[in-house]
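Please read it with the sequence and the model open.

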Amino acid sequence: MRPGAGQAGDTRKPFLRITDLTKMFGSFAALRDISLEIYEREFVCFLGPSGCGKTTLLRAIAGLDIQTSGRVEQAGNDISALPPSERDFGIVFQSYALFPNLTVKKNVAYGLVSRKTARATIEARVAELLALVGLPEQGDKYPAQLSGGQQQRVALARALATSPGLLLLDEPLSALDAKVRVHLRHEVKELQRKLGITTVMVTHDQEEALTMADRIVVMNQGVIEQVGTPLEIYRDPQTAFVADFIGTMNFVPGVVQGPGRVRVGQLDLNCEVDGLSQGAAVTVAVRPEDVLVPEGKSVSENAFDARVGDMEFLGSFFRADLEAEAMGGHGLRADLSINIVRRLNLNRGDMLPVALPGERIRVFPGQ
């Protein structure tokens, strides 16, 4: 199954379908054979590092950068060659892109005025939207008189004014300070859920994608690495890139010893090897929160002793650097609860029994 295809047996009809889309800039392929299906009322995030192609893909959907080849369909209609003005979407940019010489009301009304909508209808719609985004008293102000968060709310209201079938968000929160960003992402998600509008958002912020998206499209170097729910992307990364890009991950080199066994240093780990052959060089991946401290004298699989190195206090837990002779000197980061650190009175240099649950270990080909 291609990375962007729907789940096997999924009978839903895609609202947005992208097929074999490629975008060239000279000899550089910004997007390579992208295929993706997005369903009605979904909130989908395009996530990846700078230069991975996520904004180019959004602009191709909007018609702002026409693809070199491939097809874009919305609600069953081929829109591949349509100009932006004939596509059914609203868009919000990182920079707000508000008209500084127009009041908030006139900014929100802009699309409706362009469509020659009746004045009474415009006034009612603008009032409704300003109330919806929490700015009912700000209509007569100018953008410069508003905070960044308020300006982005106005931009969102303007994008929604014409009741588009698709909402496109191009890193809409990245220009805001951290506290406002956290608050506004919850508001945007609640607004999307309330309106039931199909939404695509570009972001490089993994926390933003994990908290807002129904599904995440992880991109890298112009291709889709993986599509899945936030939990699937975090818990079951399909490639080493996804495992490394989402959250924090330990990577150590290993060699497949046989079905369900990987050797790391002098330690044999029981874990799924995904059909890799004996003797194959692999990378073993495990998240810091999955490095466990066995309770009491209970015997656990993949257990060994490690020496505690630096410990970083992160509020609700400590992130500890561990070194284990059994792992051939390869280090691990472990997230240890405050209760465990207190109970064991852990300090730098102490020995600590740890275990790596087999079901939490991912194995990727190559070192």
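## Helix H2 against helix H4

Contact here means heavy atoms within 4.5 Å. The model is a predicted one. In this sense, Val 104, Asn 107 and Val 108 of helix H2 meet Val 154, Ala 157 and Arg 158 of helix H4. By class, this contact of H2 with H4 has 4 nonpolar residues, 1 polar residue and 1 charged residue.

Helix H2 covers residues 104–114 and helix H4 covers residues 148–160; their axes come within 7 Å and cross at roughly 30 degrees. Because angles under 35 degrees count as roughly parallel, H2 is roughly parallel to H4. The crossing of the two helices is right-handed.

## Helix H2 against helix H3

Helix H3 spans residues 119–132 and packs on H2 at an angle of about 125 degrees, with the axes 10 Å apart. H2 and H3 are therefore oblique to each other. H2 passes H3 in a right-handed crossing.

From H2, the contact uses Val 104, Lys 105, Val 108, Ala 109, Leu 112 and Val 113, and from H3 it uses Ile 122, Arg 125, Val 126, Leu 129 and Leu 130. These residues divide into 9 nonpolar, no polar and 2 charged.

## Helix H4 against helix H5

Helix H5 comprises residues 178–195. Its axis and that of H4 come within 11 Å and cross at roughly 20 degrees. H4 and H5 are therefore roughly parallel to each other, and H4 passes H5 in a right-handed crossing.

On the H4 side, the contact is made by Gly 149, Gln 152, Arg 153, Leu 156 and Leu 160. The residues from H5 are Val 180, His 183, Leu 184, Glu 187, Val 188, Leu 191 and Leu 195. By class, the contact of H4 with H5 has 7 nonpolar, 3 polar and 2 charged residues.

## Aromatic pairs

The count of aromatic pairs comes to 3. One of them joins Phe 99 and Tyr 110, with 4.7 Å from centre to centre and 40 degrees between the planes, and is classed as tilted. Phe 99 lies in the loop between strand S6 (89–93) and H2, while Tyr 110 is in helix H2. The two residues are 11 apart, and the pair links distant parts of the chain.

## The five-stranded sheet

An open sheet of 5 strands runs in the order S13-S12-S11-S14-S19, with antiparallel pairing. Strand S13 (267–270) and strand S19 (362–365) are the edge strands, each pairing on one side only. The twist from one strand to the next averages 40 degrees.

Strand S14 (residues 281–286) is joined to S19 by 4 bridges, and the two run antiparallel. Within this pairing, Thr 283 has Phe 364 in S19 as its bridge partner.

## The four-stranded sheet

Another open sheet has 4 strands in the order S17-S16-S15-S18, and its pairing is antiparallel. Its edges are strand S17 (331–337) and strand S18 (351–355), each of which pairs on one side only. Neighbouring strands are turned by 50 degrees against each other on average, direction ignored.

Strand S15 (residues 303–313) pairs with S18 in the antiparallel sense over 5 bridges. Ala 303 stands opposite Ala 355 in S18.

Note on methods:
Residues numbered from 1 in each chain as written. Predicted model: local features only at pLDDT ≥ 70, side-chain atom pairs only at ≥ 80, totals over all residues. Heavy atoms only, no water. Pairing = 2+ DSSP bridges. Axes fitted to C-alpha atoms, helices over the stretch in contact; angles between N-to-C directions. Parallel < 35°, antiparallel > 145°, perpendicular 65-115°, else oblique. Left-handed = near helix turned anticlockwise from the far one by under 90°. Nonpolar A, V, L, I, M, F, W, Y, C, P; charged D, E, K, R; others polar. Phe/Tyr/Trp six-rings, centres within 6.5 Å; stacked < 30°, edge-to-face > 60°.
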